[in-house]
Amino acid sequence: MSVTSEQVRHIAKLARIGMSEAEIEALVPELNNILGWVEQLSEVNTEGVEPLTAVIDQKLRLRDDIVTEGEIRNEVLANAPEAQHGFFAVPKVIE
Amino acid sequence: MVAVAELAAPFRIKGETGDWEVVVGLEVHAQIVSNAKLFSGAATAFGAEPNTQVSLIDAAMPGMLPVPNSACIRQAVRTGIALDAKINRWSRFDRKNYFYADLPQGYQISQLYHPLVGEGEIEILADEKDLSTAKRIGIERIHVEQDAGKLMHDQHPTLSYVDLNRCGVALMEIVSRPDMRSPAEAGAYLRKLRSILRYVGSCDGNMEEGSMRADVNVSVRKPGAGFGTRTETKNVNSVRFVMAVVEHEAKRQVELLESGGEVAQETRLFDPDKGVTRSLRSKEDAHDYRYFPDPDLLPLELDDGFLEECRSSLPELPDAKQKRYQQLGITPYNASVLTAEVETALWFDALLNAGAEPKQASNWVVAELFGALNRRGESIDHSPVTPAAASELLGLVANGTISGTIAKQVFEIMLESGEGAAHIVESRGLKQTSDTGAIDAEIDKILAANADKVEQYKGGKQQLFGFFVGQTMKAMAGKANPQVVNERLREKLGA
Amino acid sequence: MRRKRNTGSLRSPRSLSEAVSDLNSKTIAELRDGFRAGHFSAREIAENFNAAVAGARTLNAYTLETPDDALAAADTADQARASGDLLPLSGIPIGIKDLFATRGVETTAGSKILAGFRPPYESTVTAKLRQAGAGMLGKLNMDEFAMGSSNETSAHGPVISPWRRKGSNVGLTPGGSSGGSAAAVAAQIAPGATGTDTGGSIRQPAAFAGIAGIKPTYGRCSRWGVVAFASSLDQAGPMAKTVRDCAILLEAMAGFDPKDSTSLDAPVPLWEANLSSDLRGKRVGIPREYRIEGVPDDVNRLWERGIEWLKDAGAVPVEISLPHTRYALPAYYIIAPAEASSNLARYDGVRYGLRERGPGGLDGMYSATREAGFGAEVKRRIMIGTYVLSAGFYDAYFTKAQKVRALIKQDFRKAFELCDVILTPTTPSAAFGIGETTDPLAMYLNDVFAVPASLAGLPAMSVPGACDKEGLPLGLHLIANELDEQMVLNAGLAIEERAGFTARPEKWW
């Protein structure tokens, strides 16, 4: 499976990474190189094998329903590039 | 043999090329009642100052990790049990990846591949007064997921403001099967679902505040054909609007198809002011959410003890309560009205527990109490008359102390003054009389004064009997026992 | 906390250089024991290392120096010694990889997109180190977002290894992603450092730098407050000169954290106290699939010597097979980028870090910010990750890789029925020159021996074995079963005792 520059453009959009046409073109062979290499996994017989999603053999712990966090607005906003009146500010979104 | 009522005619959109059937599925997002959020310990209460109920996890700071809240899981399981659904002991969280300013992580933790709850169903009555409209609507699944934050666009000319207070609050997404076939069915489903959630206590069902919202999936087809392409109208926040969306979308699609167009599979928004749905700016890649199991979490496994506790913690649910009321002699209509909202049902249960006779009590609540509450603009939670006080009033009627007519008067006085029924009857001398002597005396006067009508009655005009009853009751200021009046009149008129 | 710091408050150059050559070369154990015995004060230790740090800026190992922090911790330690309230790491200053959030101290993960980010929180691991009495010398340079094997992708510029080939002054990489950590310990400008290992990022640089480094069982160390790269693989671990030092640091770093759902709920063993190089009754597995073509003779010869050393310690070598070994790297390069593509979505210019404006409102801001903020390797991996998760490719790539991962874990499970510890080389070569490796794939192949243990979540460590023909260190790699860090530490100790690796980089900086 190889990618076209159209697909690369699409992925860059999905990933919200701006790229010039030149960068997109340069990525095509790079990505194809890597994708071609990882494709060797198709050689492996994985019939009947469950995908491994959790590396440790442990049950998911549930925590108690108590309020233990919050009321830290100043800390939450401290590193914000743009904060106003207690909100994060972003370029206006038209819905 | 009892005549079977004709089935109500199925809902159809009348188009130029014939009748069209509408197919509806609803995805309801219900905020789970809990103190803290699904994966963070920040508070969930509505209406706080912006970004004060936000933890480092909610703000998606680098290195932050989710830890699930047991109460949220419990409420979703209880809801599933209440919907007769299969509870999946093993389920898993997946990430739904997309970019938006109200989604700090750049993904929502949800459950796609293995949801917490599987298939279930709800019984609805599309028309409260028509039992033949009873129907089972299937539930496809319920899963648990994070809510997003809030974006505000009108505070600033060039900026939008982001408030993450709501971000991370637990949601149940309840997905129905596409079993509904009319706006009425959609409305009935949503009402019933909301009622059940409020009975269970897992969601407050407050659609205006946004704690419950519906995505409405609508498609049309000629009866008997396969499913057509559906559209999804998102975030509809009232039952009325949901019904309007179904109607409007179905009509729009029929018109489109009949004029040679195709229905696009797209997301739409409802504009309640204009009463129309409109297409959201097309986001081709918005659908590629690249779901994958969240590697910050392990699979969720529930044990027998947990499930048993959930099950035994459930109150009597609307359908069961309705059946029980009917077994007590309450009419199906009354039973359905009384169990529609949990507050009403609990109030009525208290009334029964105070000793009221079920049939009489149900009639009185539906006719008299509801009427009074509506007039006064009060909810049953704030009823000036308690179940115990109501029971006392009903008891006075049942044991003949007062007539039904007088009871209405007494009730009005109870509402205004807060006094008890027996006290009112006593202090205002409202007891009804069954004294045949006094009644006979009045009847004789009435009959004497209306000799012509007596003649007409004896000549065949049966309906005049009511006139005589009315006159007698009036003469006795409503305090005569109506049964005795009837008996004595019959005897005297020789009927 | 500025980079170029005035050292006028320290002692005169002569006594300083004496102190430098003395205290710097000590291990953490020696520093701890010497401090407790009163041979020197904690302040002397801190001042010594602060000066060393300031004098080694050419290496670019530190991105931020925090001498005051080290001094404050030292003063507390000196007081604790007087009052008898000593903590396990009282008096020990260490370097912290810039992937760990340090409260109020800039944390960049080697990236421009986090320039200026001061976390209002401290990672669990570094908090535990502080609670154990340790001080911080500074934040250590690293590959951007831990993606790299040479520390060349850092927004702060590459780390230059203190090691040089015999007779050459070509700048070498210290390995990565914990390149700064490895260089600092090797150059003796930190007695120990924290690193993280996702696909070899502790072990490979440790091998290149001639030091010890251990990646514990997945879940041993909390990931809370560690900037996430690939959640199912990331693990924090110590890097130091000796196996004992690693054990000391790991004991302080490890432990159950309720804030991390993937944290192991198991007690922390007394790894240091239970160190033993007596391997009688132990079987050491030698996996045939780790004998790869094209690997320099030096590497394989060291492997053979390693087997001899372990035999000498009493272990019995057993040939084993880990049949899916060659698929580990490709599987890793599907899973890790996939998780990373999602973990790095939060770097969007909204709530912290870099924000760049671009045309197109919110989306334009996202694109411009991430374009300017991420380096080429990070972008490459996000692109791969996004691709392998995207509609139509998820099953063929991601699910497939997860299944292969299951098989690799199964390989190890079966192998550990036949042996107690596995021995392999750590890397397929010694350190290479900065700028020498331009093909991403060639760079990925550096981790061919390290990655399988990462995929399986097993404890693994690298210990220095010998130098190659050009005088560059080569490491030996030990892998044990889940929760059996003691085994890798003990086997590591056995090798350390017999390898007699005393080589140190000659100071050219």
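Two strands pair if DSSP finds at least two bridges between them. Helices (H or I, at least four residues) and strands (E, at least two) are DSSP runs, numbered from the N terminus. This is a predicted model, in which local features need pLDDT of at least 70 and side-chain atom pairs count only at pLDDT 80 or more, while totals for chains, interfaces and linings use all residues. Residues are numbered from 1 along each chain as its sequence is written, and chains are lettered from A and ligands numbered from 1 in the order in which they are written.

**Exercise 1. Describe chain A: its elements and its extent.**

Step 1. Start with the elements: chain A has 3 helices and 2 strands. Along the sequence they follow the pattern α-α-α-β-β.

Step 2. Turn to the extent. The C-alpha trace of chain A spans about 55 × 45 × 25 Å along its principal axes. Its radius of gyration (taken over C-alpha atoms) is 23 Å, whereas a compact globule of 95 residues would have one near 12 Å. That globule rule is 2.2 Å times the number of residues to the power 0.38.

Step 3. Look at burial. A residue is buried if 20 or more other C-beta atoms, placed from the backbone, lie within 10 Å of its own. By this test, 28% of the 95 residues in chain A are buried.

**Exercise 2. Find the sheet that holds strands of chains A and B.**

Step 1. Trace the order: S1(A)-S2(A)-S9(B)-S8(B) form an open sheet of 4 strands with antiparallel pairing.

Step 2. Find the edges. S1 (83–84) of chain A and S8 (150–152) of chain B each have a single partner strand, so one side of each is left without a neighbour in the sheet.

Step 3. Move to where the chains join. S2 (residues 87–91) of chain A pairs with S9 (residues 159–163) of chain B over 4 bridges, in the antiparallel sense. Here Phe88(A) stands opposite Val162(B).

**Exercise 3. Which residues meet where H6(B) packs on H8(B)****?**

Step 1. Place the helices. H6 (residues 332–339) and H8 (residues 358–376) of chain B pack at an angle of about 65 degrees, and their axes are 10 Å apart. The axes are lines fitted to C-alpha atoms over the stretch in contact, and angles run from 0 to 180 degrees between N-to-C directions.

Step 2. Name the residues. Asn334(B), Val337(B) and Leu338(B) of H6(B) meet Ser362(B), Asn363(B), Val365(B) and Val366(B) of H8(B). Contact requires C-beta atoms, placed from the backbone, within 7 Å.

Step 3. Sort them by class: 4 are nonpolar, 3 polar and none charged. Ala, Val, Leu, Ile, Met, Phe, Trp, Tyr, Cys and Pro count as nonpolar, Asp, Glu, Lys and Arg as charged, and the others, Gly among them, as polar.

**Exercise 4. Explore chain C and the chains it touches.**

Step 1. Take chain A as the partner: 54 residues of chain C are in contact with 40 residues of chain A. On the chain C side, H13(C) gives the most, with 10 residues. That side divides into 26 nonpolar, 15 polar and 13 charged residues.

Step 2. Now take chain B: 25 of its residues are in contact with 32 residues of chain C. The chain B side has 17 nonpolar, 4 polar and 4 charged residues.

Step 3. Finish with H8 (residues 243–253) of chain C. Here 11 of the 11 residues are buried, so this helix is largely enclosed by the rest of the structure. Among them are Arg244(C), Asp245(C) and Glu251(C). Gly255(C), which follows H8(C), has a positive phi near 140 degrees.

Notes
Contact = placed C-beta atoms within 7 Å. Buried ≥ 20, exposed ≤ 12 C-beta atoms within 10 Å, placed from the backbone.
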